Amino acid sequence: MSMLDRKMLRDVLALRGQVLTIALLIGAGVAVLVMSVGTFLSLRGAQQTFYAQSHFAEVFAEVKRAPRTLLPQIAEIPGVAIVEGRVTGEARVDWPGAEVPVAGRIVSLPLAGGQPALNRLRLLVGRLPEPTRHEEAVIHAAFAEARRVRPGEEIAVILNGRRQSFRIVGIAHSPEFVFTSRPGSPLPDDRGYVLLFVNETAVARAFDMQGAFSELVLTLAPGASEPAVIAELDRLLQPWGGRGAHGRRDQPSHRFLEDELAEQRTLAVTVPLIFFGIAAFLLNVVLGRMVEAQREQVAALKALGYPSFPIAAHYAKFVAVVCGLGAALGVAAGAWMGEGMLGNYRPFFRFPEMPYLLPAWLPLLAAAASFAFALLGVLAALRRILRLPAAEGLRPPRPAALGAGALGSVGGRLSARAKIPLRGLLGRPIRTGLTMLGIALAVPMVVLGLFWWDALDSMVALQFDRIERGDAFVALTDPRPARAVREMARLPGVLAVEGQRIVPVRLRAAQRSHLLALSGLPEGATLRVPRDADLRPVQIPREGVALSRRLAERLGVREGDRVQVEVLEGARRSHDLPVVALVEDIIGLTALMEIGALNRLLREDDLISHVALRVDPLAAQALWQLLAERPRVAATSVKAVWLRVFDEVIARMVLTSAVILTGFGIIIAVGVVYNSARVALQERGWEMASLRVLGFTRQEVARLLLGELAVAVLIAVPLGLALAQGFVALILGARNNESFDIPATISPATFATAALVVLGAAAASAIVVRRRIDRLDLVAALKARE
Amino acid sequence: MDGAVPSAGDPPATGGAPPIFVARALCKSYGSGEAAVHALRDLDLDILQGEFVVLIGPSGSGKSTLLNILGGLDTPSSGRAAWRDHELAGADEAALTAYRREHVGFVFQSYNLIPSLTARENVELVAEIARDPMRAEEALALVGLSHRLGHFPGQLSGGEQQRVAVARAIVKRPDALLCDEPTGALDVETGKLVLSAISRANREVGATTVVITHNAAIAGMADRVLHMGGGRIVAIEANRRRLSPEELVW
Ligand SMILES: Nc1ncnc2c1ncn2[C@@H]1O[C@H](COP(=O)(O)OP(=O)(O)OP(=O)(O)O)[C@@H](O)[C@H]1O
Ligand SMILES: [Mg+2]
């Protein structure tokens, strides 16, 4: 082993506190990268595998009722590969003991038995129904797991008003229900929503669909144009009550999954990059300072005639050891946390398998990048030293980077003791700035972990206290005259009711289009209150349509522009309407009209299709039951259930990332403060020792050294809070998710916590360094300078 | 120089002043067993109030070790060391700090000034924690540096820095001024300036002064010269007349 290698190993041991904190810093950066990118790739991988294996359809269409004889004609459309018609319908499920009525959807399996050609089921347990057994059903895994349903059990459903019982023969996953939720709800409610797959005969009979289909799925031939196929399909289905064909983009499960993947990709890129950038920057600063603290050693080696290259190689090895340690820690922690994050997605996304994928290039890339950043910092510091004439290097660094004149006036009439930390800070402004920035950057890490709670709170507050003010939302089986509202108002426990008319539409503006539900609200509605950006209630002018800000952005329109509204129901007419107002929404994308105006547009009477209710909490339970039994009620969604699911599912995800990022925030804070203090001690140990010799007490000396850091920390924390605000805005700006809009709200409590965490980490580091100051060997310190 | 080895109880050669530093059977060793290094072996010593003592001897003979113990920077392995009624041998860290703070002024070969403070501020730094200090300007005037008050150590020559260090050591009117090779890094002329500053401090502040040096010529300034060798005092020389630094022949 060469002498320098021996020195390197001794350095690693002697500086183990610093080596460890720096390795943790690298580890944290690598871990976030490995965790986020790994999670993203795993989700993407699971999706692709499942879609391919189960032949997930590419175009979807719903019709009121079309004859099966139409199918060959559709198969003839150029570009269509495989086409399959089926019957689906909404179902109410009679689940004894359910707090809130269970809803569901029933999907037909081919008449001839066996798997469908497209959207094949992936059986976890059991088998498909026998072609002749109309009472057999396969149940989707989400509900089966949530309610512990096993093959052999019976499930009673009300189809089209008729009660029917099915025996479960299998439990399965389906590519079109990777994400399942009640229609329109952005969160899964596994306990309240069931999917059943049964023989076509059974469904067809219930919905009077013999020889007909109500849904169409197809795949495209290679090179086919999706819009062309959709246009042709729409033309063929129009006479049969077609509701507008659409691609995967508008398929609910796929759309949500894509949104989440896009979100995950944003998080997998922005957060780790910010984090990694910070870690790399700190690595650069901390290692640079560490080398600078060894300037006399370096200068001495150089004076002894050592060429520069082996000296540089020596430090590169040191960096490699530290980075190797950090990267190993980071990969292990990142993979472990990635598995955990992926576990958080399991209740959201039902894939038959979702293995954690960690491609080998990822940790290698992360390690190489941290090594490069670290080396840059070290080499820059080294170059500064090696460029000095040997004699200069051997002398202690000149104190005044600021002109001596300027520095001399710093502190004015303050005591000499107070001037030392002050001038320590001002004498090397660049280094002081970097240290402060480093400490400041710890704050956003903690804030990034914690602010999600604030954001979710304000999301819920905005959506459910200000906009959706009802306790439940009832979907009717068909549009009904407005007086149906009055009937509902008479039900026991109902305090207030408001009818709404909701129709599926496709909005178009220039080249962009979006499929969604257009809601007609009564003037002065109190159970659903559209609000503008300042949260003031908005009256929707009758002559046009109101869009949510986010929808308008997607369509690229502004207030006053016109959009084409294609109604995907009834006569399927298109209208050209002005955008008369912009409103806020948080969950989903909103398009609104005044209900009368909407009905006139549809050329219909005063009709409603949905009812919002305010309910007496004491009577709620009974009311849900009552509603479930009413024949014209298709589904009831209950706000309380929604909120519970929101809490359970989202809160857990948020908690995981909060814990991880807060932990990293602490690592950063400790890494920077501890290393700054250690380097300061290393550089100024003799100064401190000579003050001790002059009779200064340990406490006085510690105050001089740590006072400087304390000032840096006190300035850095508010700076960090400002940075945090910026980072949060940056990350939220980078995401583009139509399911949720996350407001950039950070509560004072979050700011306070982040500040306290960083101050605490700084204090703990200071205590450790303080103990070193106490142990300063005066005689040795004096001797080392001789 | 070739006098007999003095015995422990030998009265000092000069005057009837009481001893201010007393060391008896002082031992300091590093390590243990075979590998142990004995820096001081059974050393006995008396230094009188106001005396100017020069410690001289080959490298490794224990001079710095002795001075550090007298200054409360280090503690002996065994034996007694006392300053007046302060027992230095068994004292704890806090007591030694207080002792250094109140009674001792140090000057080292390396000047150990605080680089971010000016000459005046370096001196004030110590004045701030002293009980009855002189003004910093006064201390700097004593070492002949009245004209460089506002300069940083980096702007001063080595000799000037060392004189600032002397001013810093005497500003608190110490009872003892301990200097470890104060001229080691300086040329003759500068060395003389520093030595005269030390000698003036000894006379005008009345500080009992111990100076370590390798330079036998400096011995002429002292009341007594203690020769060390192998961790002991091997000879004591008393000067009849103290030479002024200017008279020294280097
Ligand atoms: N920390 C230590 N560990 C081991 N041995 C030590 C230590 N400090 C001093 N010594 C040894 O004690 C002996 C006396 O050292 P001291 O520094 O007192 O010598 P000195 O007379 O001041 O020498 P110099 O004139 O070179 O400064 C030396 O042999 C030295 O090697
Ligand atoms: Mg010595």
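Hello everyone. A word on ground rules: this is a predicted model, where local features need pLDDT of at least 70, side-chain atom pairs count only at pLDDT 80 or more, and totals for chains, interfaces and linings use all residues. Residues are numbered from 1 along each chain as its sequence is written, chains are lettered from A and ligands numbered from 1 in the order in which they are written, and side-chain values use heavy atoms, leaving out hydrogens and water.

Let's begin with chain A as a whole. Its C-alpha atoms fill a box of roughly 100 × 55 × 50 Å along the principal axes. There are 22 helices and 20 strands in chain A; these are DSSP runs, H or I of at least four residues for helices and E of at least two for strands, numbered from the N terminus. Of its 786 residues, 58% are buried, where buried means under 20% relative accessible area, exposed means over 50%, and partly exposed lies in between, using a 1.4 Å probe and protein chains only. Among contacts in chain A with a separation of 6 or more, 82% come from residues 24 or more positions apart, a contact being heavy atoms within 4.5 Å.

Next, the domains, whose bounds come from an automatic or database domain assignment. Chain A is split into domain 1 (1-56 + 255-397), domain 2 (57-254), domain 3 (418-466 + 639-786) and domain 4 (494-615). Taken over C-alpha atoms, the centres of domain 3 and domain 4 of chain A are 47 Å apart. Their contact draws 13 residues from domain 3 of chain A and 12 residues from domain 4 of chain A. The area buried between these two is about 1200 Å², with carbon and sulfur atoms giving 51% of it; that is accessible area lost when the two parts are put together, summed over both, with a 1.4 Å probe.

Now to the strands. Chain A has an open sheet of four strands in the order β2-β10-β1-β11, with antiparallel pairing; two strands pair if DSSP finds at least two bridges between them. Which strands stand at the edges? They are β2 (80-86) and β11 (246-247) of chain A, each with a single partner strand, so one side of each has no neighbour in the sheet. Helix α6 (residues 226-237) of chain A packs on this sheet, touching β1 (59-67), β2, β10 and β11 of chain A, and its direction makes about 165 degrees with that of β10(A). Those directions are N-to-C, along lines fitted to C-alpha atoms, for helices over the stretch in contact, with angles from 0 to 180 degrees. Five antiparallel bridges join β2(A) to β10 (residues 212-220) of chain A, and V83(A) has L218(A) as its bridge partner in β10(A).

Also in chain A, have a look at β9 (residues 193-199), where seven of seven residues are buried. V198(A) takes part in both pairings: it is the bridge partner of S108(A), and A137(A) stands opposite it.

On to helices. The 27 residues of α21 (residues 748-774) of chain A should span 39 Å at 1.5 Å a residue, and the end C-alpha atoms are 38 Å apart, which agrees; the expected span is 1.5 Å times one less than the number of residues. Its buried residues, including F751(A) and V758(A), pack against α14 (429-467), α19 (639-693) and α20 (698-734) of chain A.

In chain B, 12 of the 13 residues of α5(B) are buried, so this helix is largely enclosed by the rest of the structure. Those buried residues pack against β6 (104-108), α3 (119-128), α4 (136-142), β7 (176-180) and α6 (188-204) of chain B.

Most residues other than glycine have a negative phi. A25(B), in strand β1 (residues 19-30) of chain B, has phi near 50 degrees and is partly exposed at 33% relative accessible area.
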